[in-house]
Number of protein chains: 2
Amino acid sequence: MYDGAVQDLIDELGHLPGIGPKSAQRIAFHLLAADPADVRRLADAITTVKDKVRFCEVCGNVSEEERCRICTDPRRADDLLCVVEEPKDVVAIERTREFRGRYHVLGGAIDPMNGVGPDDLRIRELLGRLGDGKVEEIIIATDPNIEGEATATYLARMLVPMGVTVSRLASGLPVGGDLEYADEVTLGRAFEGRRKVG
Amino acid sequence: MYDGAVQDLIDELGHLPGIGPKSAQRIAFHLLAADPADVRRLADAITTVKDKVRFCEVCGNVSEEERCRICTDPRRADDLLCVVEEPKDVVAIERTREFRGRYHVLGGAIDPMNGVGPDDLRIRELLGRLGDGKVEEIIIATDPNIEGEATATYLARMLVPMGVTVSRLASGLPVGGDLEYADEVTLGRAFEGRRKVG
């Protein structure tokens, strides 16, 4: 509907996740009216990320080197491995400053409805990391939804027989939340996982 | 939170309209995992739009030339001018194939709450186009919301004394819609603008 270059941009933006035709049009016109230096910075950031960033060959996290900062950090514990779905989960856990072990990023969760099976995730790489016997506990921190639970169950079934301790992050009431607004499943989990006090 | 280039990209994407931190992160990881050729096409589309596209010096629509396709089209009527807020409105009206006149794009609507006054719109350029006396009717097609109505009122007050016919697009029930779901204002306008049949 638009002249060449504008329509090309709308089409390209429309391929991004979560960007529909209306948003693509809105962003395109925003860029048209924006400061050229800002637009140049966006275009550069896109090409740079592709040139410089790759996935860590050990854990699968994003990295600008062959091995990421966490995998090469000598202060991290080698006996504790936290398995997550995506690099953004690593960031979320790092923010808590609670975890001092290392990570393994699966690159997603088992999701047969969308054609994602175990072979599409970095599970073989995870098993490979257990070969030297250093890892003693694996904390499965996949998302608390159907796909994440299925992935956790699949991994546990594979890992427990290998003699490693496998744990799953606790489910329960979110801190600062309101009990009456918790959904039934979360509330049920909170009862199940109740802890003795005093 | 991320290594340099990924964080840079998330920051740049976060400056786009309608893109929050979560969407920015999602898009950044999508690009990281995407085919390099696709990513290159997106970056190119962004820089190209900035290099090639400008605003038509006559009507303010987007154009790859000094004057846009519609302004240079000899088959369009010179006596009929449709005033819209944004280039996307031109596209919407062109899609109806109902209008054979020319356009004037204001670049927004009067919106004092967001600091947009008449001087921030292309109103002086609109008045300039009436100098040769060719334009006989101006159809004001600003959005049917508070800002669009205010802009229409402002323009009408200025244009009517100049001896030009000024009209406003009809408000009423959307075709294919359901009467019971129409809001009160729309339904009120539909009564006001009722037309005799038969």
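B:R97 is exposed, with a relative accessible area of 75%, and the residue sits in the loop between α4 (87-96) and β4 (102-105) of chain B. The structure that holds this residue is a predicted model, and a rotation of 180° with 0.0 Å of shift along its axis superposes chain A on chain B, with an RMSD of 0.1 Å. That is the relation of a two-fold axis.

**An arginine with positive phi**

- Although B:R97 is not a glycine, its phi is positive, at about 55°.
- In chain A, A:R97 likewise has a positive phi of about 55° without being a glycine, and A:R97 is placed in the loop between α4 and β4 of chain A.
- A:R97 counts as exposed, because its relative accessible area is 74%, where a residue has to be over 50% to be called exposed.

**How the two chains are related**

**Domains of chain A**

- Chain A is divided into domain 1, covering residues 1-36, and domain 2, covering residues 76-168.
- The centres of domain 1 of chain A and domain 2 of chain A, taken over C-alpha atoms, are separated by 38 Å.

**The parallel sheet**

- In chain A, four strands form an open sheet in the order β4-β3-β5-β6, and their pairing is parallel.
- Strands β4 (102-105) and β6 (165-168) of chain A stand at the edges with a single partner strand each, so one side of each has no neighbour in the sheet.
- Strand β5 of chain A, residues 137-140, pairs with β6(A) in the parallel sense over four bridges, and A:I139 is found opposite A:S167 in β6(A).
- In chain B, strand β3 (residues 80-84) and strand β5 (residues 137-140) pair in the parallel sense over four bridges, with B:L81 standing opposite B:I138 in β5(B).
- β5(B) is also joined by four bridges to strand β6 (residues 165-168) of chain B, and these two strands run parallel; here B:E137 has B:T165 in β6(B) as its bridge partner.
- Strands of a sheet pair through backbone hydrogen bonds, in either the parallel or the antiparallel sense.

**Helices against the sheet of chain A**

- Helix α4 of chain A, residues 87-96, lies across β3 (80-84) and β4 of chain A, and the helix runs at about 155° to β4(A).
- Helix α6 of chain A, residues 146-159, packs on the sheet and touches β3, β5 and β6 of chain A, while its direction makes about 170° with that of β6(A).

**A buried leucine in chain B**

- B:L31 is found in helix α2 (residues 21-33) of chain B, and B:L31 is buried, with a relative accessible area of 3%.
- Which residues does B:L31 touch, leaving aside those up to four places away in sequence? They are A:L16, A:I46 and A:K50 in chain A, together with B:L9, B:V39 and B:L42 in chain B.
- B:L31 and B:L42 are 11 residues apart in sequence, and their C-alpha atoms are 9.7 Å apart in space.

**Cysteines without disulfides**

- How many disulfides are there over all chains? The count comes to zero, with a disulfide taken as a pair of cysteine sulfur atoms within 2.5 Å.
- For A:C68, the closest cysteine sulfur is that of A:C59 at 3.6 Å, which is too far for a bond, and A:C68 is buried, with a relative accessible area of 2%.
- In chain B, B:C56 is in no disulfide, as the nearest cysteine sulfur, that of B:C71, is 3.8 Å away, and B:C56 counts as buried at 2% relative accessibility.

Conventions. Residues are numbered from 1 along each chain as its sequence is written. Chains are lettered from A and ligands numbered from 1 in the order in which they are written. This is a predicted model: local features need pLDDT of at least 70, side-chain atom pairs count only at pLDDT 80 or more; totals for chains, interfaces and linings use all residues. Side-chain values use heavy atoms; hydrogens and water are left out. Copies are superposed by least squares on the C-alpha atoms of residues with pLDDT of at least 70 in both. Two strands pair if DSSP finds at least two bridges between them. Contact means heavy atoms within 4.5 Å. Axes are lines fitted to C-alpha atoms, for helices over the stretch in contact, and angles run from 0 to 180 degrees between N-to-C directions. Buried means under 20% relative accessible area, exposed over 50%, partly exposed in between (1.4 Å probe, protein chains only). Domain bounds come from an automatic or database domain assignment.
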